[in-house]
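The sequence and structure come first.

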Amino acid sequence: MPWRTDLASVASARCPDGVVPPRVFASDEPVRLEGLVADWPAVRSCSGGLDPAGRYLSRFFSDAPLTVYVGDAAIDGRFFYNDDCSGFNFRSGKATLAQVFERLAEPERAPGLATIYVGSTPVDQWLPGFRADNDVRLPAADPLASFWLGNRTRISAHYDFPDNLACVIAGERRVTLFPPDQVANLYVGPVDRTPSGQAISMVDLAKPDLERFPKFAEAARHARTAWLTPGDALFIPSMWWHHVEATAPFNLLVNYWWCTSPAALGSPSDALLHAMLALRDLPERQREAWRGLFDHYVFDADEEVHAHIPEPGKGYLAALDEATARRLRADLRNRLNR
């Protein structure tokens, strides 16, 4: 159960025709899209539980093994670290989708045996043909479509750089979201050893320890919550932190990630890691000087930064096209390899 019941709900929009209102993808706030994918054949077939889901999805199953995470009953569905953050409280292995469905049936017959989770697995590779009848029109030519499968699980609050549309196919999800500016109140864990690639909040939302994490009370003041049932979807804007709890014995979600910035510009996460390496441990006066440079060239940058330079000489200071971005990345690689 959630630690409090007075969290603000995210905004909602009805989508009876299966079309996302254009204003949603311009929103800076999460939006719950009621019934967006209710007409998908997958929703009609899979929302009845594990057995009908297996019969429907088996027509798409790939025989290729995928990564499966398993934890015992003691983790209470929460995929997390071990006590000293030197490892994790779950195991990973390989299995086919057919084998995953067989394992999912075991806890249904004997509750408490195991928590099973398949996360962020490309739909087109492991469920080829699925999107022919189950898909959403998005403001991106080639979004990454992934599926998330398991029994009762809790995934700690984390952020993603791309915009995200999460569509519930089976089961129910409770999503708790925090604005990007709450990062300092979420007590984020390691950035180099993470459960699934993204840094996560160390706070257990089922029972937050406010003596250990006192600033989390402020994060909770800004939190939003969304309850999703089969057919519903949730738009999560870039960089919003989200904690996802799957509450049913069988849960399946398909999500889409996309970026509006050109791929040639690279990942901001790489820039953050490099800044930790090159800037974080400098003397304070030097960090402050570099803060000013970053504000000037990055965060507050406009045409005034390069207006005084003749056009042929602006180089990286001008707006980056794909060719210039590739040249800058090559230059950066050469500098890093010195």
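## Alanine 145

Alanine 145 is buried in this predicted model, with a relative accessible area of 4%. Because that value is under the 20% cut-off, the residue counts as buried. Alanine 145 belongs to strand β8, which covers residues 144-150.

Apart from neighbours within four places in sequence, alanine 145 is in contact with Thr121, Pro122, Val123, Arg131, Asn255 and Tyr256. Alanine 145 also lies 6.7 Å from tryptophan 257, C-alpha to C-alpha, although 112 residues separate the two in sequence.

## The open sheet

Strand β8 is one of nine strands in an open sheet, whose order is β2-β3-β13-β10-β15-β8-β7-β4-β6. The pairing in this sheet is mixed. At its edges are β2 (11-14) and β6 (91-95), each of which pairs on one side only. From one strand to the next, the twist averages 25°.

The edge strand β6 is joined to β4 (residues 66-71) by five bridges, and these two strands run antiparallel. Within this pair, threonine 67 has lysine 94 of β6 as its bridge partner.

## Nonpolar cores

The largest nonpolar core contains 50 residues. Those with the most contacts inside this core are Leu33, Phe130, Val136, Phe147, Leu149, Leu165 and Tyr256. The element that gives the most to the core is helix α3 (residues 97-109), which supplies five residues. There is also a second, separate core of 19 residues; among them are Val10, Ile155, Val175 and Val244.

What surrounds valine 136, leaving aside its neighbours within four places in sequence? The residues in contact with valine 136 are Val20, Leu36, Val37, Trp40, Leu165, Cys167 and Tyr256.

## Aspartate 204

Is aspartate 204 buried or exposed? Aspartate 204 is buried, with a relative accessible area of 10%. Aspartate 204 sits in the loop that runs between β11 (173-178) and α5 (216-221).

The side chain of aspartate 204 reaches the backbone nitrogen of alanine 206 at a distance of 3.0 Å. Beyond neighbours within four places in sequence, aspartate 204 is in contact with two arginines, Arg78 and Arg154.

Key
Residues are numbered from 1 along each chain as its sequence is written. This is a predicted model: local features need pLDDT of at least 70, side-chain atom pairs count only at pLDDT 80 or more; totals for chains, interfaces and linings use all residues. Side-chain values use heavy atoms; hydrogens and water are left out. A nonpolar core is a set of buried Ala, Val, Leu, Ile, Met, Phe, Trp, Tyr and Cys residues joined through side-chain atoms within 4.5 Å. Buried means under 20% relative accessible area, exposed over 50%, partly exposed in between (1.4 Å probe, protein chains only). Helices (H or I, at least four residues) and strands (E, at least two) are DSSP runs, numbered from the N terminus. Contact means heavy atoms within 4.5 Å. A polar contact is a pair of N or O atoms within 3.5 Å; within protein, one must be able to donate a hydrogen and the other to accept it, and residues adjacent in sequence count only if both atoms are side-chain atoms. Two strands pair if DSSP finds at least two bridges between them. Axes are lines fitted to C-alpha atoms, for helices over the stretch in contact, and angles run from 0 to 180 degrees between N-to-C directions.
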